[in-house]
Amino acid sequence: MSEKENTPAAAPAKGEVPVSRERARQGRRKVLRTILLTGGVLGSGLSGYLPLVYARTNRLRPPGALDEKDFLSSCIKCGQCVQVCPVNAIKLADLIDGFGVGVPYIDARAQACDFSCDAVQCILACPTGSLTYHKPDFLPVREGAALSQKPTLIAKMNDPEPTLNMTERMGVARLTRPESCLAMKGEGFKGQARGPDFKGTMRYIKVDRWKPIPVADHPYDLPLCDLCMRECPIAGAISLEKFTGPDGKTRARPIVHENCVGCGVCEMICPTEPASITIIPREVWKS
Amino acid sequence: MSKLLTRRFIDQIKVMFGKEPAKPAEISPAAQKIHFYKKNNRDEIAELKHRRAHEKPSHKWRNRRWATLIFANLLFVFSYWLDIQVLEGALTASRFVGFHMADLNSALQVMLAHKHIITNLLIGTATVLLLWALLGGRTFCSWVCPYHLVAEWAEKIHLYLAKKKLVTDQPIDRRLRSVFWIVFALLAVVTGYTVFEAISPTGILSRALIYGAGLSLLWVVALLVFEVFFSRRAWCRYACPIGLTYGVVGIISPVRIKYKLEGCFHEGDCRKVCLVPHVLDTVIKGRAVEPEVPLGPDCTRCGLCVDACPTGSLSFEVKGLSKLL
């Protein structure tokens with residue numbers, strides 16, 4: 001490229017006589033190219049609205065996340081929360097999430113947050129307050145989103161401080177497919193909860209309090225399936241209500257209580273395909 | 001600083017925001033003397049030019065810079081992969097052995113969109129501001145930004161194709177970058193989303209390196225294709241608001257490239273390799289206002305011109321340090 005080409009042609013400014021027809025044409029072209037680049041960049045930027053318009057994504061966010069709109073505006077997309085999670089529950093969203101690209105979420109079915117870290121490390125790691133222990137005063141708390149008390153972690157029951165520093169729930173667990181629930185059918189469960197190929201990990205207190213192990217390495221043998229209640233990390237969040245079915249068999253109905261924080265362990269461990277119990281992200285508690 | 005250099009300093013700030021560099025209205029007597037001497041000694045210049053034609057090009061600064069850039073980005077990657085925890089996070093925000101760091105432009109976008117600033121973010125922003133104020137503002141671009149490196153490789157392809165006359169560089173109005181800066185700042189305030197962060201190739205590439213590739217890399221590829229076939233280094237030159245943010249920081253930075261008029265042949269090799277040739281307008285024959293002129297704040301301190309200059313007329317300088325030593 002010669003020196004001359006490098007010198008940008010003078011844009012036809014106000015009160016300036018174009019030097020020649022060629023230069024004027026170059027100037028016009030430059031203006032067109034400038035408009036092209038402007039359109040391209042702004043178009044791409046604003047295309048981030050599309051997934052929001054179509055409302056295609058309803059992600060479960062990590063513990064302590066602000067409400068969705070505030071969460072998207074305050075997240076700096078650095079992934080420090082991803083790095084501290086001992087079970088790699090947190091992932092960063094891709095292009096299809098629009099403005100949510102690079103923003104953390106949890107796919108509970110694949111890997112739920114089981115609070116193996118004991119102390120919601122992701123909140124501690126967040127540099128912008130997108131994940132926060134205490135919401136600033138000017139941000140409202142949706143009705144039913146606040147937890148009535150700090151959730152007690154079963155794994156920490158015997159510690160001097162057994163609670164998690166969480167003030168709002170991530171969502172609420174719901175028995176969305178009662179017809180497929182093994183307990184509701186009065187059936188037991190034997191084997192690996194999610195099959196031998198499942199990659200998800202979880203902390204089993206009886207195995208090792210400090211080291212999560214693959215769910216596939218921890219098979220079960222249960223006369224009546226109670227996995228959601230059995231593995232729920234929060235005290236008093238799920239119970240089973242036994243009842244007798246029309247066939248005289250003992251059955252059980254999983255009941256989700258107000259203590260539920262929406263971590264997703266029940267959804268991950270549920271052995272039916274698809275899961276009978278799921279987390280509704282950002283759902284509030286309705287009594 | 002002489003009055004002429006002060007005038008040029010202010011002019012170079014305007015050039016950073018998009019003004020075209022112009023011929024200086026006044027040149028100091030000392031510089032005039034050198035300009036005049038060169039005019040009358042063409043033979044000497046021809047002889048030196050000949051000697052220079054046989055010189056091997058140096059890649060000293062480029063190699064140092066690439067090594068630094070790759071090291072910095074690998075530090076992010078390994079901190080996570082190997083859990084060495086030196087530099088956790090991504091380029092948008094991180095912790096360096098526990099100390100908060102936040103990219104200035106990302107932090108600004110978040111502050112404007114969220115309209116609430118927490119202490120950690122403020123600490124991170126202040127740390128990074130101080131760091132790059134010391135190290136030279138846009139030094140971030142050429143010494144750390146991963147997009148800069150891939151864009152440099154794309155530029156090589158572009159220049160090869162241009163040599164074969166298959167493509168021509170289509171310049172775009174440089175004022176566009178300032179417009180983008182304002183537009184993205186306004187968009188953040190008005191929409192409440194960090195719109196620019198969704199398309200920032202720096203953030204996208206940094207996250208792709210650390211957390212794995214995704215579809216968003218397609219946008220980076222699209223930018224590179226645009227740069228290869230249409231407009232040389234278009235993103236960094238005409239669009240990227242990060243560059244302008246760090247450029248503003250560079251105004252007060254002591255690290256810069258210094259131009260010495262005396263040995264220069266005005267061949268323009270430096271301008272050919274430069275990402276921001278408008279900062280090198282001073283090397284054009286008859287433009288230098290003083291015998292020594294520092295380059296403007298839009299300079300990325302990449303050192304390509306220092307490598308390209310056959311006469312050593314361009315060199316790195318730390319303002320005040322030379323006086324101190």
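Helices here are DSSP runs of H or I with at least four residues, numbered from the N terminus. The model is predicted.

**Stop 1: helix α4 of chain B**

Select residues 60-81 of chain B, which form helix α4(B). At 1.5 Å a residue, these 22 residues should span 32 Å, and the end C-alpha atoms are 31 Å apart, which agrees. Go just past the helix to D83(B), where phi is positive, at about 60 degrees.

Now show the side chains of R65(B), N73(B), F76(B), S79(B) and Y80(B), the buried residues of α4(B). What covers them? The cover includes α5 of chain A, along with β1, α7 (139-143), α8 (146-163) and α11 (201-211) of chain B.

**Stop 2: the three-stranded sheet of chain B**

From β1(B), move on to its sheet. The sheet is open, its three strands run in the order β1-β2-β3, and the pairing is antiparallel. β1 (87-90) and β3 (99-102) of chain B are the edge strands; each has a single partner, so one side of each has no neighbour in the sheet. Neighbouring strands are turned by 15 degrees against each other on average, direction ignored.

For the pairing itself, select β1(B) and β2(B), residues 93-96 in the latter case; four bridges join the two in the antiparallel sense. Within this pair, E88(B) stands opposite R95(B) of β2(B).

**Stop 3**

Colour chain B by domain: domain 1 is 3-56 + 254-324, and domain 2 is 61-248. Their C-alpha centres lie 28 Å apart. Where they meet, 17 residues of domain 1 of chain B are in contact with 18 of domain 2. On the domain 1 side, β4 (255-260) and α16 (304-308) of chain B are the elements that give two or more residues. α16(B) gives the most, with three residues. By class, this side has 10 nonpolar, three polar and four charged residues.

**Stop 4: chain A against chain B**

Finally, display both chains. In this interface 41 residues of chain A are in contact with 54 residues of chain B. On chain A, select α1 (3-6), α2 (21-46), α4 (68-74) and α5 (80-84), each of which supplies at least two residues to the side that touches chain B. Which element supplies the largest share? That is α2(A), with 10 residues. The side of chain A that touches chain B has 18 nonpolar, 15 polar and eight charged residues.

Conventions
Residues are numbered from 1 along each chain as its sequence is written. Chains are lettered from A and ligands numbered from 1 in the order in which they are written. This is a predicted model: local features need pLDDT of at least 70, side-chain atom pairs count only at pLDDT 80 or more; totals for chains, interfaces and linings use all residues. Two residues are in contact if their C-beta atoms, placed from the backbone, lie within 7 Å. Ala, Val, Leu, Ile, Met, Phe, Trp, Tyr, Cys and Pro count as nonpolar, Asp, Glu, Lys and Arg as charged, and the others, Gly among them, as polar. Two strands pair if DSSP finds at least two bridges between them. Axes are lines fitted to C-alpha atoms, for helices over the stretch in contact, and angles run from 0 to 180 degrees between N-to-C directions. The expected span of a helix is 1.5 Å times one less than its number of residues. A residue is buried if 20 or more other C-beta atoms lie within 10 Å of its own, exposed if 12 or fewer, and partly exposed in between; C-beta atoms are placed from the backbone. Domain bounds come from an automatic or database domain assignment.
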